[in-house]
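Dear colleague,

A summary of the findings follows it.

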Amino acid sequence: MRADGLLIEIARLKRAVRELCARWDDRVLLPARSAEVSIRDEGKHVEVGYRDRAYRFPSREVVLLGLANTTVELLARQFWEDLRPVLAGSLVDRLTVAVEEIEGQAGSYEAPLGTP
C-alpha cells in the first residue's frame, strides 16, 4: 500500500474508465471475429451482414471489436484487457470488470493482473 493508503492513483483509473466507456457509448459494437457476421468497411459506411439481413452504419458510429460476439461476458473481458495496462506497476493484483446490459442482466470477468 502506498503511503497515502491507496493502491493506485484513483483519478488516473477513473479517467481511464471514462475514456473506455466513451469509446463504446452510443456506438454500434460489432464482433470482428464472428463467423456469422460479415463486415465490409466502405469508407464513410460499414456494411454488415448477418444471416439473411443487411445493415449499413456510418463509420463514425461503429466500433469493431476483436471478439467472436458482443455478449456482456466478452465485453467485460475486453474492458478488463483494456484496463490492464492502466493498472500495470500499481499495487493492484486482481481486477474484476462487470458489464450490465440492463438491470439484472450482467456479465463479468475476473483475473489476476499478471495473467489474462
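Helices (H or I, at least four residues) and strands (E, at least two) are DSSP runs, numbered from the N terminus. The model is predicted: local features need pLDDT of at least 70, side-chain atom pairs count only at pLDDT 80 or more, and totals for chains, interfaces and linings use all residues. Residues are numbered from 1 along each chain as its sequence is written, and side-chain values use heavy atoms, with hydrogens and water left out.

R51 lies in the loop between β3 and β4. Its phi is positive, near 55 degrees, although R51 is a residue other than glycine. R51 is exposed (over 50% relative accessible area; buried is under 20%, partly exposed in between, with a 1.4 Å probe and protein chains only), at 64% relative accessibility.

H45 has P58 in β4 as its bridge partner. Both strands belong to an open, antiparallel sheet of three strands in the order β2-β3-β4. Because β2 (37-41) and β4 (53-58) are at the edges with a single partner strand each, one side of each has no neighbour in the sheet.

A separate pairing, also antiparallel, links β6 (residues 94-102) with β7 (residues 105-112) over eight bridges. There, V99 has G107 of β7 as its bridge partner. Two residues separate the strands of this hairpin, in which G104 adopts a positive phi near 85 degrees.

Note on methods:
Two strands pair if DSSP finds at least two bridges between them.
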